Amino acid sequence: MKLETQRLILRDLTMKDARDSLKNLNNLNISQYLLSVSYPYTKKNAEWWVNHCKEQQKIKPRTSYEFGIVIKPIKEVVGGIGLTHIDYEQGTAELGYWIAETHWRNGYVSEGVRKLIDYSFNTLKLRRLTIPAFATNKGSNGLAKSLGFTYEGTLRQAAKCKATGKIHDENVYGLLKEDWKK
Ligand SMILES: CC(C)(COP(=O)(O)OP(=O)(O)OC[C@H]1O[C@@H](n2cnc3c(N)ncnc32)[C@H](O)[C@@H]1OP(=O)(O)O)[C@@H](O)C(=O)NCCC(=O)NCCS
């Protein structure tokens, strides 16, 4: 499965990607904001993740998409965008994302997330998307707001970061299909 934007390819991960995602995710500036990424992040961790994604890909209809972000001229996976917890009955799903620190603030993740929002509402026919972000995560809170998501509240001590062991309050952002159309 593959989606394309002007500058990016978003595609399912393969075992060959384990090497690329490994070097990018082994960075506490990234994993301190993610729920279940170990630090240090080893080749074994990356291979486990790719195998897990491959298992998930077999479930039809798909209940999650864990896309690797490929910047077209670079041709290797430099980040990830996940559409997870897809519930067709409820019409809901959750978004998560990261990108290598060297590529921050170039608009890449918002470009990819926009594509996935379109896909969620127009192809999967979902109604509502959620972004959960640690309250301390300026980048993700800023990104969610810049995409037009609405801050809906804070879940106290809802998340434990695997990399740091720290407990975080989690801000919840929601986007409805009717908001996205406007
Ligand atoms: C959060 C993250 C994914 C943003 O990716 P990115 O490609 O740099 O984001 P974009 O360039 O698309 O940013 C779009 C907008 O989001 C907001 N934003 C992004 N990073 C921000 C930051 N560090 N502080 C405040 N706002 C930020 C801005 O409004 C930005 O627009 P601008 O650059 O024109 O001001 C990236 O910083 C990252 O990988 N962080 C670590 C992992 C993480 O936090 N994942 C999310 C877990 S919920």
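How many bridges join strand β2 to strand β3, and do the two run parallel or antiparallel? Five bridges join β2 (residues 8-12) to β3 (residues 65-71), and the two strands are antiparallel. The legends below describe close-up views of a predicted model.

**View 1. The open sheet is built from eight strands.** Their order is β1-β2-β3-β4-β5-β6-β8-β7, and the pairing is mixed. At the edges stand β1 (2-4) and β7 (150-160), each of which pairs on one side only. From one strand to the next the twist averages 25°. Helix α5 packs on the sheet and touches β6 (128-134) and β8 (167-176). The direction of α5 makes about 155° with that of β6.

**View 2. Strand β3 pairs with β2 and with β4.** On the β4 side, six bridges link β3 to β4 (residues 77-87) in the antiparallel sense. V70 has V77 of β4 as its bridge partner. The two strands β3 and β4 form a hairpin with five residues between them. In its turn, K75 has a positive phi of about 65°.

**View 3. Strands β4 and β5 form a hairpin with four residues between them.** Seven bridges join these antiparallel strands. I81 is paired with Y97 of β5 as its bridge partner. G91, in this hairpin, takes a positive phi near 80°.

**View 4. The largest nonpolar core has 44 residues.** Those with the most contacts inside this core are I69, I81, L95, I99 and V113. Among the contributing elements, α4 gives the most, with six residues. V113 is in contact with I81, L95, Y97 and L147, leaving aside its neighbours within four places in sequence.

**View 5. The ligand is surrounded by 22 residues.** The closest are Y33, V109, S110, G139 and G142. At least two residues of the shell come from each of β5 (92-99), α4 (108-123) and α5 (138-146). The most is given by α5, with six residues. Sorted by class, the shell has eleven nonpolar, nine polar and two charged residues.

View 6. Seven bridges join β7 to β8, and the two strands run antiparallel. Across this pair, Y151 stands opposite Y173 of β8. The hairpin of β7 and β8 has six residues between the strands, and G165 there takes a positive phi near 80°.

**View 7. L22 lies in helix α1 (residues 17-25).** Why does L22 count as buried? L22 counts as buried because it has 20 C-beta neighbours inside 10 Å, and 20 or more is what a buried residue requires. Not counting residues up to four places away in sequence, L22 touches Y41, K43 and A46. D12, ten residues from L22 along the chain, has its C-alpha atom 16 Å from that of L22.

Definitions and conventions. Residues are numbered from 1 along each chain as its sequence is written. This is a predicted model: local features need pLDDT of at least 70, side-chain atom pairs count only at pLDDT 80 or more; totals for chains, interfaces and linings use all residues. A residue is near a molecule or strand if its C-beta atom, placed from the backbone, lies within 6 Å of it. Ala, Val, Leu, Ile, Met, Phe, Trp, Tyr, Cys and Pro count as nonpolar, Asp, Glu, Lys and Arg as charged, and the others, Gly among them, as polar. Two strands pair if DSSP finds at least two bridges between them. Axes are lines fitted to C-alpha atoms, for helices over the stretch in contact, and angles run from 0 to 180 degrees between N-to-C directions. Two residues are in contact if their C-beta atoms, placed from the backbone, lie within 7 Å. A nonpolar core is a set of buried Ala, Val, Leu, Ile, Met, Phe, Trp, Tyr and Cys residues joined through C-beta atoms within 7 Å. A residue is buried if 20 or more other C-beta atoms lie within 10 Å of its own, exposed if 12 or fewer, and partly exposed in between; C-beta atoms are placed from the backbone.
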